[in-house]
Amino acid sequence: MGPLSVNELISENTNLFLAFIIGIGFGFVLEQSGFSSSRKLAGVFYGYDTVVLKVFFTAAITAMLGLLFFSLFGWIDLSMVYVNPTYLTSAIVGGIIMGAGFIMGGYCPGTSFCGASIGKLDAFVFIGGLFLGVFIFGIGYPIWDGMYLAKFLGSPKISTTLGLTDGVFAILLIMVALAMFWVAEWAEKKFPREEY
Amino acid sequence: MKPLRLLALFIIPMGLIIAAVPQNKTKPYKLTAEQLLGEVNTRTQYLTPDAVADMIIKKDPTLRLIDVRSQDEFEKFNLQGAINIPVTDLLSEKYADILNQDGKMNVFYSNGTLTANEAWMVTRQLGYNNNFVLEGGLNYWFDAILNPNKPASTSPDEEFAKYDFRKSAGAALGGGSAIQPSQDQSTVSAKPAITAGIKKKKAAGGC
């Protein structure tokens, strides 16, 4: 049956409309969970607040289980779901830049708009920097396009690389996530901060 | 109860279930029986030998001939530029990118049309576009292109044009005798327009 738009069960416009509704819901939940506070977000790097780690990992696991069960029931064809292609060098370099920006700015791209929506000035500055970065990347593209496109690996899945089925990988990831949540809660007790 | 325990209590059993059950690799059919019957009745899947010969001669880059017979038969004789995908291996992963794509016109052929039609039906039911069948198969190809019959002298001009084209095409493709091109070949066989396939849609996302 699914994906709905690829199988033309819904039109491209309906698809965008649904994305709009889901996007509003996503932004609302982010804001309500406190993701519009840069101090809360940066807390994950210092250990005093690890809600970012917990929320995003819980979301990933929920989506993973949902997709696997949908596939099991024949509701979605996982081979038709788009998987972001892997360019290893860009992934590593981009990850470092993104991480550094996250620590310094206190936002990730999505949450910066969340903060801006309730009028946080630091979020607006962050968005300015975001667009500046996009602009510099675009202007300087000829300089780093070799690196940008280096080490193309296609769309590999960790489960196939390890020779596991998706289900076995899923339970392993769940165990890893729960262990991380446990460490995160320990860190919150170890490095508490009163006001932020 | 602590939220972490509650979460663990829920996701660990779910993970165990999904790890224990076999992976669902079945591909649902995309066409209903009625839709498929409709396509079969209108014979949309067929390309005439003339159209295919024209594309081979013009080296049309969108044409991809696919021999669905066994490898033995393929090695004994095949059409120029054809690749071999035996119908028994049709659903093999390595051929998925060839059969499910938007850029080329895949033309299945076998000795008659039976095997090629089997291949077309399976790929069509999987929702793949741009797969066709060589009308009449190789048997008709031999009759029509490689050994065309001269039409009766009372036949209309189109018959002679067709004959001239087939004779020259046959010679170019390794059969028949001398060529005597007298007509503009492009008037003889109109190339069927490639149907606009579903572009593989991609969705991107992120944090």
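Here are some notes on this predicted two-chain model, taken point by point.

1. **Ground rules.** Residues count from 1 along each chain as its sequence is written, while chains are lettered from A and ligands numbered from 1 in the order in which they are written. Since this is a predicted model, local features need pLDDT of at least 70 and side-chain atom pairs count only at pLDDT 80 or more, but totals for chains, interfaces and linings use all residues.

2. **Confidence.** pLDDT is the predictor's confidence in each residue, from 0 to 100. Chain B has a mean of 79, with 81% of its residues at 70 or more. The complex as a whole gets an ipTM of 0.74 and a pTM of 0.60 from the predictor.

3. **A stretch to treat with care.** Over residues 176-202 of chain B, pLDDT stays under 50. The model still has 49 contacts beyond four places in sequence for that stretch; a contact here means two C-beta atoms, placed from the backbone, within 7 Å.

4. **Chain A.** What is chain A's secondary structure made of? Nine helices and zero strands, where helices are DSSP runs of H or I with at least four residues, strands are runs of E with at least two, and both are numbered from the N terminus. Among chain A contacts with a separation of 6 or more, 68% link residues 24 or more positions apart.

5. **One pair in chain A.** Lys189(A) sits in helix H9 (residues 166-190) of chain A. In sequence it is 141 residues from Tyr48(A), yet their C-alpha atoms are 7.6 Å apart in space. Lys189(A) counts as exposed because it has 9 C-beta neighbours inside 10 Å.

6. **Chain B.** This chain has eight helices and five strands, and along the sequence they run α-α-β-α-β-α-β-α-β-α-β-α-α. Of its 207 residues, 28% are buried.

7. **Two helices packing.** In chain B, helix H3 (residues 49-57) packs against helix H8 (residues 157-172) at about 50°, with the axes 10 Å apart. Axes are lines fitted to C-alpha atoms, for helices over the stretch in contact, and angles run from 0 to 180 degrees between N-to-C directions. That makes H3(B) oblique to H8(B): under 35 degrees would be roughly parallel, over 145 roughly antiparallel, 65 to 115 roughly perpendicular, and the rest is oblique. H3(B) contributes Asp50(B), Ala53(B) and Ile57(B), while the H8(B) side includes Phe165(B) and Arg166(B).

8. **Two positive phi values.** Most residues other than glycine have a negative phi. Arg43(B), though, has phi near 55°, and Asn130(B) has phi near 65°. Buried or exposed, what are Arg43(B) and Asn130(B)? Arg43(B), in the loop between H2 (33-42) and E1 (46-47) of chain B, is exposed, because 9 other C-beta atoms lie within 10 Å. Asn130(B), in the loop between H6 (114-125) and E5 (131-134) of chain B, counts as buried, because it has 20 C-beta neighbours inside 10 Å.

9. **Where the chains meet.** How many residues of chain B are in contact with chain A? There are 22, and they touch 29 residues of chain A.

Definitions and conventions: Buried ≥ 20, exposed ≤ 12 C-beta atoms within 10 Å, placed from the backbone.
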